[in-house]
Amino acid sequence: MKKSILDNNSFIMAISIIVSVLTWMVVSYSGNTNITTTIRDVKVVIESADANLQRYDLVAIGDVDDLTVDIEVTGPRATVGNIDKDELIVNARLNNVTGAGEYDLPLEVQDSKNRSIEYGAVRPETVKVRFDRMTTKKLPIKLEMSGVTIPDGYLMDEEHVYPAEVNIS
């Protein structure tokens, strides 16, 4: 008696796996299934070339390079599942900075790839940044040799300091 291909367990197992993977793909990628997820540790950008900062000759003080936020993102599963935190741009809005001091800056989120996604909560909603004027002062370096004795057999010539001045900002 001739065996049918349907009697082969290996064939049935392979067909089952193929059908289940195809079914999963159809369910996962069909329709407009939107999901919401949180993208963590997105870097906040404080644009030092901003017109307000340049107009008032201000710079951000402190660890502004370490500012991050968490962002809720909603969109199609295939899009949201592939978002990397480096693809989102979070800019601190500097339009209310009018002088030296500490400010709570509102944030604005953009997608560098312009995908059709919506942004929900941004946590924290604002970042606290301190601004101050940048000044530079040139100071001379003076050598003071109080308490120094020259051993017998040695002579002290004229002392030299290099550089003679430093710029402190």
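## Asp 104 and Lys 128

At 43% relative accessibility, Asp 104 counts as partly exposed. The structure is a predicted model. Lys 128 is exposed, at 51% relative accessible area. That value sits just past the cut-off, because exposed means over 50%.

These two residues form a salt bridge, with the closest N and O atoms 3.3 Å apart. The pair links distant parts of the chain. Lys 128 belongs to strand 7 (residues 126-133) and Asp 104 to strand 5, 24 residues apart.

## Asp 70 and Arg 40

By the salt-bridge rule, the count comes to eight. One of them joins the side chains of Asp 70 and Arg 40, at 3.3 Å from N to O. Asp 70 lies in strand 3 (residues 68-76) and Arg 40 in strand 1 (residues 34-45), so this pair ties together parts that are 30 residues apart in sequence.

Asp 70 has a relative accessibility of 22% and is partly exposed. The label follows because buried requires under 20%.

Asp 111 is in strand 5, which spans residues 101-111. Its relative accessible area is 6%, so Asp 111 is buried. Beyond residues up to four places away in sequence, Asp 111 touches Glu 87, Leu 88, Ile 117 and Tyr 119. Leu 88 is 23 residues away along the chain, yet the two C-alpha atoms are separated by 4.7 Å.

Side chains of opposite charge can pair when their charged atoms come close. Asp 111 meets Arg 115 in a salt bridge, side chain to side chain, at 2.9 Å from N to O. Arg 115 also approaches through its backbone: the backbone nitrogen of Arg 115 lies 2.8 Å from a polar atom of the Asp 111 side chain. The salt bridge is part of a network that links Glu 87, Asp 111, Lys 113 and Arg 115.

## Backbone geometry

Most residues other than glycine have a negative phi, and most peptide bonds are trans. Several sites here depart from that pattern, as listed below.

Asn 114 has a positive phi, near 50°. Asn 114 is in the loop between strand 5 and strand 6. With 69% relative accessibility, Asn 114 is exposed. Asp 57 also has a positive phi, near 55°. The loop holding Asp 57 runs between helix 2 (51-55) and strand 2 (58-61). Asp 57 is partly exposed, at 45% relative accessible area.

From Arg 123 to Pro 124, the bond is cis with omega near -5°. Pro 124 lies in the loop between strand 6 (118-123) and strand 7. From Tyr 162 to Pro 163, the bond is cis, also with omega near -5°. Pro 163 lies in the loop between strand 8 (137-140) and strand 9 (165-168).

## Nonpolar surface patch

Which residues form a nonpolar patch on the surface? They are Met 13, Ile 17, Ile 18, Val 21, Leu 22, Trp 24, Met 25 and Tyr 29. Together they have about 870 Å² of accessible area. One of them, Ile 17, is placed in helix 1 (residues 9-29).

How values were computed. Residues numbered from 1 in each chain as written. Predicted model: local features only at pLDDT ≥ 70, side-chain atom pairs only at ≥ 80, totals over all residues. Heavy atoms only, no water. Helix = DSSP H or I, 4+ residues; strand = E, 2+ residues; numbered from the N terminus. Buried < 20%, exposed > 50% of the residue type's maximum accessible area, 1.4 Å probe, protein only. Contact = heavy atoms within 4.5 Å. Polar contact = N/O pair within 3.5 Å; in protein donor to acceptor, adjacent residues only side chain to side chain. Patch = residues over 30% accessible without salt bridge, like charges linked within 9 Å, V, L, I, M, F, W, Y side chains within 5 Å. Areas by Shrake-Rupley, 256 points an atom, 1.4 Å probe, with all protein chains shown as cover. Salt bridge = Lys/Arg side-chain N within 4 Å of Asp/Glu carboxyl O.
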